[in-house]
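Please read the notes below alongside the model.

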Amino acid sequence: MSIDPAPAATLSEAAREIVEVGRFLSVRNFVPATSGNFSRRLDARTAAVTRSGVDKGELVEADILVADIHAPPPRGSSAETPLHLQLYRDRPEAQAVLHTHSVVAALLSNLRLPEGELVLQDFELLKALGDTRTHEAAVSIPIFPNDQDIPRLADKVTAMLQKRTDLVAYLIAGHGLYTWGRSMAEARRHVVALEHLLTYELEKMKVRR
């Protein structure tokens, strides 16, 4: 992903984007119950993050907290907030991070965990991901084992990001999808495109049985 400077967002602007994307993803059943967490970079030092334990389709501005990217997560935020903050440190161009919990992401990531990645190839929709410009590309989505030790998981993600500057997403087995973008709109587009592609891959596995 190439670096594309973006202006700082106010907390009100970031909260509005997060609330809107929560409703958008909730009606598609990508964040059932109180699952998932979202964030939006505010500036080089801070990000707006969702409060834990809230239905993402019912978010209000009061559910959005401010986090220092280089400090421990704020009280009341998700235990997975460090994964968001780590992405903002490792990807200066990232302006939004979305974590979803769809059935297909959880199931397919479990089934393909032994391979350590999911390779998507020859799909027109690949052009919706980052800087991919042709359906002839092969896009690899890493799959990490689920781990309750979030700092340890974040270290594994950082190691992968250092090797793979092209990445726009990764999966946690049996858990869900993390993706990010240079704007909230791009991050949302990545979620929709990847959920479609994951569904295709799962259906293909059924047909080939």
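1. A search of the whole structure finds 4 aromatic pairs, a pair being rings of Phe, Tyr or Trp (its six-membered ring) with centres within 6.5 Å, counted as stacked when the planes are under 30 degrees apart, edge-to-face when over 60 and tilted for the rest. The model is predicted, so local features need pLDDT of at least 70 and side-chain atom pairs pLDDT 80 or more, while totals for chains, interfaces and linings use all residues. Residues are numbered from 1 along each chain as its sequence is written, and side-chain values use heavy atoms, with hydrogens and water left out.

2. The rings of Phe123 and Tyr200 have centres 4.8 Å apart and planes at 80°, so this pair is edge-to-face. Phe123 is buried, with a relative accessible area of 12%, whereas Tyr200 is partly exposed at 42% (buried is under 20%, exposed over 50%, partly exposed in between, with a 1.4 Å probe and protein chains only).

3. Phe144 and Tyr170 are also edge-to-face, because their planes stand at 90°, with ring centres 5.4 Å apart. Both residues are buried, and together with Tyr178 and Trp180 they form one aromatic cluster.

4. Phe24 has the charged end of Arg28 over its ring, 3.6 Å from the centre, and Arg188 over its face at 4.0 Å from the ring centre; the criterion is NZ of Lys or CZ of Arg within 6 Å of the ring centre and within 35 degrees of the ring normal.
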